[in-house]
Each structure stands twice: as C-alpha cells, then as structure tokens.
Amino acid sequence: MGASGSWTVGFPLYKGATLLVNRLAGLTECQTAQLSAQYAPKPPFDAGVPAQAPPGITAAVRADQREFIAVIRAATLAVTGAAGGAAGGGS
C-alpha cells in the first residue's frame, strides 16, 4: 500500500505494462488503457488525461465508462438521499 493507504503500482511496473500493451495491441489500445487509468505522471505515451489523449480515444473511454458512472451516481444518490441533482445542481 502507498503512504496514503491506497494501493499503488510502481512507475517501472506500470511503464513496463504500458509498453507491453503497446507492443501486443498497438498504440490506440495502449493510450486507451492509459487514459482509463488516468495515468499521467511520466507516461511513456502522452494519453493519461483527456486533454493529452487523442480525441477519438477520449470519446471512446467516456462512452465505455458512461454506464459505470451512472451506476456510481445512482448509488451515491441512494446513500446521500439526494434527489436528481438537488444537492449539486445536477447535470
């Protein structure tokens, strides 16, 4: 575990995994994985945040995560008792 109590992956291990994904599946899959993980401290490919990733990869990751985000949002609203964005203005 990291100092903050969260699990961490060391830079050399993640860099190696990123390079392996690139070699096996290509640059697009590598950048997609990097953006999905929001990995950007010193990535081997510049796609760790939406502003750096190619627009097509950013759109694909957002589309892939849409259902996941909806489930998390619904669970958060259920726990907090907030209705339809009343607490934060909604979206």
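Tutor: Buried means under 20% relative accessible area, exposed means over 50%, and partly exposed is in between. Keep those cut-offs in mind for this model, which is predicted.

Student: Which residues of α2 are buried?

Tutor: In α2 the buried residues are C30, Q31, T32, Q34 and L35.

Student: Why is Q31 called buried?

Tutor: The relative accessibility of Q31 is 11%. The cut-off for buried is under 20%, so Q31, at 11%, counts as buried.

Student: What does Q31 touch, leaving out residues up to four places away in sequence?

Tutor: Q31 touches F45, A47, P54 and I57. Contact here means heavy atoms within 4.5 Å.

Student: How do you know that T32 is buried?

Tutor: T32, in helix α2, has a relative accessibility of 17%. Buried means under 20%, and T32 therefore counts as buried at 17%.

Student: Which residues is T32 in contact with, apart from its neighbours within four places in sequence?

Tutor: T32 is in contact with I57 and V61. Both I57 and V61 are buried residues of α3, as is T58. What covers the buried residues of α3 includes α2.

Student: Why is F68 called exposed?

Tutor: F68 lies in helix α3 and has 55% relative accessibility. Exposed means over 50%, so F68, at 55%, counts as exposed.

Student: What does F68 make with I69 and I72?

Tutor: F68, I69 and I72 make a nonpolar surface patch of about 290 Å².

Student: Where does α3 bend, and by how much?

Tutor: The bend in α3 is at R66 and is about 45 degrees.

Student: What makes P44 partly exposed?

Tutor: P44 has a relative accessible area of 27%. Buried would need a value under 20% and exposed a value over 50%. The value for P44 is 27%, so P44 is partly exposed.

Student: Where is P44 in the chain, and what does P44 touch beyond four places in sequence?

Tutor: P44 sits in the loop between α2 (27-36) and α3 (55-80). P44 touches K15, T18, L19 and Y39. Its C-alpha atom is 9.8 Å from that of C30, a residue 14 residues apart from P44 along the chain.

Student: Which residue just after α2 has a positive phi, and which one follows α3 with a positive phi?

Tutor: Just after α2 the residue is Q38, with a phi of about 50 degrees. After α3 the residue is G81, with a phi near 80 degrees.

Note on methods. Residues are numbered from 1 along each chain as its sequence is written. This is a predicted model: local features need pLDDT of at least 70, side-chain atom pairs count only at pLDDT 80 or more; totals for chains, interfaces and linings use all residues. Side-chain values use heavy atoms; hydrogens and water are left out. Helices (H or I, at least four residues) and strands (E, at least two) are DSSP runs, numbered from the N terminus. Buried means under 20% relative accessible area, exposed over 50%, partly exposed in between (1.4 Å probe, protein chains only). Patches are made of residues with over 30% relative accessible area and no salt bridge: like charges are joined within 9 Å, nonpolar side chains (Val, Leu, Ile, Met, Phe, Trp, Tyr) within 5 Å. Accessible areas come from the Shrake-Rupley method with a 1.4 Å probe; for residues, only the protein chains shown count as cover. A salt bridge is a side-chain nitrogen of Lys or Arg within 4 Å of a carboxyl oxygen of Asp or Glu. The bend at a residue is the angle between axes fitted to the seven residues ending there and the seven starting there.
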